[in-house]
Amino acid sequence: MATSVLLVDADRYLVQPMAEYLREQGFEVTTARNYAEAIERLTEGEFDIVLSEVDLGERDGFALLDWVKEHSPETSVILMTGYGTIDNAVEAIRRGAVDYLVKPILVEELRISLDRAMAQHNLRAENRRLKRQLDDRYGLDAIVGRDVRMLQVYELIEAVADTRTTVLITGESGTGKSLTARAIHRLSRRRNGPFVEVCCGALPETLLESELFGHKAGSFTGAVADRKGKFALADGGTIFLDEIATASPALQVKLLRVLQDMEFEPIGSSETIRVDARPILATNQDLEQLVREGKFREDLYYRINVINIQLPPLRERASDIPLLAEHFLKKYREETGKPVRGFTSAAMDLLQCYHWPGNIRELENAVERAVVLCRGELIEPEDLPPTLRRSALSVPVASLPSQGQGAPQKGLKAALLEPERQLVLAALEANNWNKQRTAKALGINRATLYKKMRKLGLLPPKQDGQGRSKQAGKSGADSKPSELYARG
Ligand SMILES: Nc1ncnc2c1ncn2[C@@H]1O[C@H](COP(=O)(O)OP(=O)(O)OP(=O)(O)O)[C@@H](O)[C@H]1O
Ligand SMILES: [Mg+2]
């Protein structure tokens, strides 16, 4: 795309030949005769370079320079003048112009200035691109998952991001609460403001208070200087209070007030501070239960539970496991430079059958470890943590079908099928035995689901008055092991 130039000068004897010269050089040129016209053109569309006379009448080229710096910071500005002074030249550069040219302007001089302006513009554009990449890293694009429940999460995130509403993120450890909090910040208009994170469980109560609200020098032993608290630091941005359930009763009272009015006093100070910070809170505990037990203030609970984003545990969105596994594989392949292409199907099946108590963090760690250990192009079951391999084999004894003597082989086969049966059964129940939805949730097609159901002896309740678990156990023992487990 051609570099665009806005040429601003009242002198048409200069403008015409200069515009012509610039067009010959491949620039896309627009002209304006004064300040007002220039602003009009600039608000209509962005320019890469503004080349402007200083003397524009009432408002001069310096004012135009300031306007551009404020409204279109990526645009480079070159000023020109008939009456150059050193002072003005210095001033122009100080205010952000690329160059200050004194008329009559030599062609070579102009060319050098334009080159410099283009280089500056490209640098700024590159910076913006990098920044956008960073935004992606912490924005919605950083969150992987296509499960219906994740789609609902994305919708909520987008809906609340640009509001000031308090958001409560709940979910087991490692389900992506911190990631979600960052995504909300990144998608909000506050994205250029601070994102301040406080882990409420990590500090003893006394320190936590000073950490949150700051203190005056001398307000307690060790408070040698004034200190700004996290709430003050989050002004204009987002404050993320993690592990909120661990807040002590005293702190809960203070939080109630600051979350309601965004007002507080630093420790040892009588001055009330007001901040504009958007609160996001997270917990992996059941707050409602804690309220019932009297361990968490009910009024605080209602204050923070305005919008609740519930992150599903990984085992409830097993269909996302391959996607996440590939995502982390790519990440660690790039980090380690190892030529690992993917997973053997046995390894992938182990990943899909495991119940992931540590959720996505545990999956990420497992994949990182596997990439490091992997000696070929594909990750094998041996590269995965022993817990995964053990859990695929250690089926509760009760679920083993009772076999007569001499049939240990059959019992083992059935045991090996158990994790898959559990997974399919859970998906069926979660989707009300709707095959279409279940197949989608499991990431397989409907025909495959039918086949699996038959193999695993899973029939919907109404077709089987005796209850499906009994039946499932029986036919599980009779069926053939899937290829996968035979290999694994
Ligand atoms: N949907 C996801 N897509 C990609 N990566 C994810 C996703 N969810 C979580 N992660 C990654 O998993 C790890 C754990 O996520 P995060 O720290 O956000 O979890 P958490 O719920 O805050 O955990 P904790 O309760 O321990 O604080 C991080 O490295 C994060 O980047
Ligand atoms: Mg966290």
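1. A polar contact is a pair of N or O atoms within 3.5 Å; within protein, one must be able to donate a hydrogen and the other to accept it, and residues adjacent in sequence count only if both atoms are side-chain atoms. By this cut-off, an oxygen atom of ligand 1 meets an N or O atom in the side chain of arginine 361 at 2.9 Å. The backbone contributes too: a polar atom of valine 144 is 2.8 Å from a nitrogen atom of ligand 1, and one of glycine 174 is 2.9 Å from an oxygen atom of ligand 1.

2. This is a predicted model, in which local features need pLDDT of at least 70, side-chain atom pairs count only at pLDDT 80 or more, and totals for chains, interfaces and linings use all residues. Residues are numbered from 1 along each chain as its sequence is written, chains are lettered from A and ligands numbered from 1 in the order written, and side-chain values use heavy atoms, without hydrogens and water.

3. Ligand 1 is surrounded by 17 residues (a heavy atom within 4 Å). Val144, Gly174, Lys177, Ser178 and Glu364 are the closest.

4. The structure has zero disulfides (pairs of cysteine sulfur atoms within 2.5 Å). Cysteine 199 is in none, and the nearest cysteine sulfur, in cysteine 200, is 6.8 Å away. That separation is too far for a bond.

5. Cysteine 200 is buried, at 2% relative accessible area, whereas cysteine 199 is partly exposed, at 29%. Buried means under 20%, exposed over 50%, and partly exposed in between (1.4 Å probe, protein chains only).
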